[in-house]
Amino acid sequence: LLLGGCQVSEEITYTEVESYINNDLFFDNPLGISQIGDPFILKASDGIYYCYATSDAAYGFEVWTSTNMVDWKKHQPRVYSSTMDSWGVNDFWAPEVYEWDGKYYMYYSARWRENNSLRIGLAISDSPVGPFEDVSHQPLFDFGYAVIDAHVFVDDDGQSYLYYSRDCSEYKVGTNNESHSYGIRLAEDKQTLIGEPVLIVS
């Protein structure tokens, strides 16, 4: 175990670590949420925290709510559920939800029914607990390669940017499968892309 600093002057035993924890030097925060991945927390305008996550990957997404970031309650039913008309059919991953002008925008990853390749979708709701409905029967965009893990950043000047990963499932550099990060501008409607994506991290 390495605890801060630039140099390790002595080894720390497991017993000593337990003693640090027992002396309240660490905060123990078992959330009571299990079997999830890619958690994203939104503090909405109602003052409540909403935790969205990869949780029911074959069908959609669930959400947990909290007033203090410690005690969490699972909301029923799902906030987003795929249907026979959905563009996505499986691998519903990494939802991120943003509140703009009284509406809630969920960007998420899923496997496209058309070609079984991963893409990013957008669903919108009037409530942070859904139901979220897709804005289209197609992914948000298609550059001809697998993409996942959308994230939106709104700069101080109001310009929005969408960041995503070109997924390693379909991308080889030489003999290696690699994931690279890209960014692209978003229009004011938060669903129309402007210009071409720019490689940020390879």
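1. Start with R119: this residue is buried, at 3% relative accessibility. Buried means under 20% relative accessible area, exposed means over 50%, and partly exposed lies in between (1.4 Å probe, protein chains only). R119 forms a salt bridge with D142, at 2.9 Å from N to O. The term requires a side-chain nitrogen of Lys or Arg within 4 Å of a carboxyl oxygen of Asp or Glu. R119 sits in strand β7 and D142 in the loop between β8 and β9 (147-154), 23 residues apart. D142 is partly exposed, at 42%.

2. A word on the source. This is a predicted model, where local features need pLDDT of at least 70, side-chain atom pairs count only at pLDDT 80 or more, and totals for chains, interfaces and linings use all residues. Residues are numbered from 1 along each chain as its sequence is written, and side-chain values use heavy atoms, without hydrogens and water.

3. The salt bridge count is five. One of them joins E62 and K74, at 3.0 Å from N to O. E62 lies in strand β3 (residues 60-66) and K74 in strand β4 (residues 73-81), so the pair ties together parts twelve residues apart in sequence. Strands are DSSP runs (E, at least two residues), numbered from the N terminus. E62 is buried, at 13%, while K74 is partly exposed, at 37%.

4. Now the sheet. Four strands form an open sheet in the order β5-β6-β7-β8, with antiparallel pairing. Pairing takes at least two DSSP bridges between two strands. β5 (88-100) and β8 (133-134) are the edge strands, each pairing on one side only. β5 and β6 (residues 103-112) share eight bridges.
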